[in-house]
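The model is predicted.

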Amino acid sequence: MSQIEIPAALAKSVSIARSVVVLTGAGVSAESGVPTFRDAGQGLWAKYDPMRLATPEAFNADPELVSRWYDMRRQAIASCRPNPGHQAIAELEERVLQRGDRFTLLTQNVDRLHHSAGSRRVVELHGTLWKLRCVQCHAETEDWSAPLRTIPPRCECGGLQRPGVVWFGESLPDEAIDAAYEAIEDCDLFLTIGTSAVVYPAAGFSQIAHAHGAPIAEFNVGETPISSMADWSIRAPSGVALPALLAAAFNSRAPRRRGAR
Ligand code: BJW
Ligand code: ZN
């Protein structure tokens, strides 16, 4: 028996929705051991504010410092594995697609753990820290080295390489933002999971889905600015709550793992 109570109406919504949108944030990866964004400044980094480091201004002023911060985070994430929350989201995608309905995963996370869990199509709103982009020739490369080979990393052309993420004040990738709005305007169920809902434009997605008539379910250990708008608020770690949601929606004890018989 799951200890999490999933409202019957929410389970039913999941089981019959024709178009599901899932928005995730750093809380989904917390149970994998990845510090949430606002906690990414602990230990030696306690004196730095993540909100200031994640800016083009900080990188331009001190590329070595910002590269060291990302290197520290890359090394921490390299040993992290997807948790039951990531796996439940991948399983949900499979179930919804199998019955011929639409499913879109929008993530603010830069760690790629949804990919590792088997999610098929992931819209990365804020890019990924496993890509580097040359500030001189703009070449983008996937780079999984941890630690980085040099700090700051350099392109073959000699230019500095920055992380392939979206910083404060920068625009989100056009394809990601187009995919997000198209899915949200069409959805009839919106799940917001493990995000503080303070960073725009993603913080406004629930509002848009709500305005289009979609019910909103929030999964978060704490309250957020969108809690009052949510039709359901599940106050539990996503690694516990999401498997319980799947079990309730699909009447199974535990979600099937990809590849499991
Ligand atoms: C659990 C849990 C468990 C823990 N289970 N839950 C409109 C109004 C005001 C300002 C703006 C606006 N539009 C744009 C802005 C400016 C700015 C912005 O939003 N600022 C706000 C701070 C006010 N936005 C931008 O600049 C964006 N660009 C843009 O809009 O371009 C056009 C434009 C520019 C300027 C002005 C106007 C228009 C770009 C935003 C890019 C964000 N990038 C970052 C860094 C990525 C790289 C990196 O990681 O270093 O993305 S910032 C950071 O925040 C990161 C995250 O993806 C993002 C969201 O954080 P998230 O995922 O919610 O994590 P946390 O840590 O905040 O929360 C974790 C949550 O999990 C908590 O709630 C916990 O309770 C919960 N939790 N364990 C379930 N086990
Ligand atoms: Zn270059």
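## Cis peptide bonds

Pro-152 is found in the loop between S5 and S6. The peptide bond that leads from Ile-151 into Pro-152 is cis, and its omega is near -10 degrees.

Another cis peptide bond runs from Tyr-200 to Pro-201, with omega near 5 degrees. Pro-201 sits in the loop between strand S7 (189-193) and helix H9 (205-211). As background, most peptide bonds are trans.

## Zinc site

Ligand 2 is a zinc ion, coordinated at 2.3 Å by the SG atoms of Cys-134, Cys-137, Cys-155 and Cys-157. The angles among the four donor atoms run from 102 to 120 degrees, and the site is tetrahedral. Along the chain, the donors of this zinc ion are spaced as C-x2-C-x17-C-x1-C. Cys-137 belongs to the loop between strand S4 (127-134) and strand S5 (140-142), while Cys-157 belongs to the loop between S5 and strand S6 (161-165); the pair therefore ties together parts that are 20 residues apart in sequence.

The loop between S4 and S5 also holds His-138. The phi of His-138 is near 70 degrees, which is a positive value in a residue other than glycine. In general, most residues other than glycine have a negative phi.

## Packing of H6 and H10

Helix H6 (residues 84-98) packs with helix H10 (residues 238-250) at an angle of about 30 degrees, and the two axes are 7 Å apart. Because of this angle, H6 is roughly parallel to H10. The crossing of the two helices is left-handed.

On the H6 side, the contact is made by Pro-84, Gly-85, Ala-88, Ile-89, Glu-91, Leu-92 and Arg-95. H10 contributes Ser-238, Gly-239, Leu-242, Pro-243, Leu-246 and Phe-250 to the contact. Sorted by class, the residues in this contact of H6 with H10 are eight nonpolar, three polar and two charged.

## Packing of H1 and H10

How far apart are the axes of helix H1 (residues 8-16) and H10, and at what angle do they pack? The axes are 8 Å apart, and the angle is about 75 degrees. H1 is therefore roughly perpendicular to H10.

From H1, the residues that make the contact are Leu-10, Ala-11, Val-14 and Ser-15. From H10, they are Leu-245, Ala-248, Ala-249 and Phe-250. This contact of H1 with H10 has seven nonpolar residues, one polar residue and no charged residue. Phe-250 of H10 takes part in the contact with H6 and also in the contact with H1.

Note on methods: Residues are numbered from 1 along each chain as its sequence is written. Chains are lettered from A and ligands numbered from 1 in the order in which they are written. This is a predicted model: local features need pLDDT of at least 70, side-chain atom pairs count only at pLDDT 80 or more; totals for chains, interfaces and linings use all residues. Side-chain values use heavy atoms; hydrogens and water are left out. Axes are lines fitted to C-alpha atoms, for helices over the stretch in contact, and angles run from 0 to 180 degrees between N-to-C directions. Helices (H or I, at least four residues) and strands (E, at least two) are DSSP runs, numbered from the N terminus. Angles under 35 degrees count as roughly parallel, over 145 as roughly antiparallel, 65 to 115 as roughly perpendicular and the rest as oblique. A crossing is left-handed if the near helix is turned anticlockwise from the far one by less than a right angle, and right-handed if clockwise. Contact means heavy atoms within 4.5 Å. Ala, Val, Leu, Ile, Met, Phe, Trp, Tyr, Cys and Pro count as nonpolar, Asp, Glu, Lys and Arg as charged, and the others, Gly among them, as polar. Donors are N, O and S atoms within 2.8 Å of the metal (3.2 Å for Na, K and Ca); water is not among the atoms, so sites may look incomplete. Four donors count as tetrahedral if all angles lie between 85 and 135 degrees; four count as square planar and six as octahedral if opposite donors are over 155 degrees apart and all others between 65 and 115; anything else is irregular.
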